[in-house]
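Hi,

Here is the structure I promised to pass on. Have a look at it first, and my notes on what turned up follow below.

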Amino acid sequence: MTPRQLRTLDLIREEIARTGLAPTYREIAARSGFSSPGHAHDAVEFLIEAGLIRKIPGRQRGLMIVNQPTLAAVPTQTLRDELARREAAEMELTDAQL
């Protein structure tokens, strides 16, 4: 994978996390240093062929990261347990500093 292809993957991942939507080819080209949206398209096609992203047919900005965990897949009790664990660890650190 070239540095620009890696930047493209990072950009797609970050944009989906930030807005819930994938960037357009024009946005990818501008932010990743490609000279045209066509070059951005080539990089995206490489990522699709490599199995790192998937195109959702019939949807604008229809790219998704493959095998990216989502909070919807985590049971609520698991989230509560993790938050409680982190809160307890933070309190221990605070107490140790005093």
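Let me start with Glu15, which counts as buried because its relative accessibility is 6% (buried means under 20% relative accessible area, exposed over 50%, partly exposed in between, with a 1.4 Å probe and protein chains only). Before going further, the ground rules: this is a predicted model, where local features need pLDDT of at least 70 and side-chain atom pairs count only at pLDDT 80 or more, while totals for chains, interfaces and linings use all residues. Residues are numbered from 1 along each chain as its sequence is written, and side-chain values use heavy atoms, with hydrogens and water left out.

**Salt bridges**

Back to Glu15: its side chain meets that of Arg31 in a salt bridge, at 3.0 Å from N to O (the rule is a side-chain nitrogen of Lys or Arg within 4 Å of a carboxyl oxygen of Asp or Glu). That pair links distant parts of the chain, with Glu15 in helix 1 and Arg31 in helix 2 (residues 25-32), 16 residues apart. Helices here are DSSP runs of H or I with at least four residues, strands are runs of E with at least two, and both are numbered from the N terminus.

Another bridge joins Lys55 and Glu45, whose closest N and O atoms are 3.5 Å apart. This one also links distant parts of the chain: Lys55 belongs to strand 1 and Glu45 to helix 3 (residues 37-49), 10 residues apart. Lys55 has a relative accessible area of 39%, so it is partly exposed, and Glu45 falls in that class too, at 23%.

Asp10 is partly exposed at 29% relative accessibility, and Arg13 is partly exposed at 33%. How many salt bridges does the rule give? The count comes to 7.

**Helix 1 and the surface**

Gln5 lies in helix 1 and is buried, since its relative accessible area is 15%. Leaving aside residues up to four places away in sequence, Gln5 touches Ala43, Phe46 and Leu47 (contact means heavy atoms within 4.5 Å).

Phe46 turns up again in a nonpolar surface patch with Met1 and Leu6, which together have about 280 Å² of accessible area. Patch members need over 30% relative accessible area and no salt bridge; like charges are joined within 9 Å, nonpolar side chains (Val, Leu, Ile, Met, Phe, Trp, Tyr) within 5 Å. The areas come from the Shrake-Rupley method with a 1.4 Å probe, and for residues only the protein chains shown count as cover. Leu6 sits in helix 1 (residues 3-19) and is partly exposed at 42% relative accessibility.

The charged end of Arg4 sits over the ring of Phe34, 5.5 Å from its centre (the test wants NZ of Lys or CZ of Arg within 6 Å of the ring centre and within 35 degrees of the ring normal).

Most residues other than glycine have a negative phi. Arg61, though not a glycine, has a positive phi of about 55°. Arg61 is in the loop between strand 1 (53-55) and strand 2 (63-65), and is partly exposed at 31% relative accessibility.

Cheers
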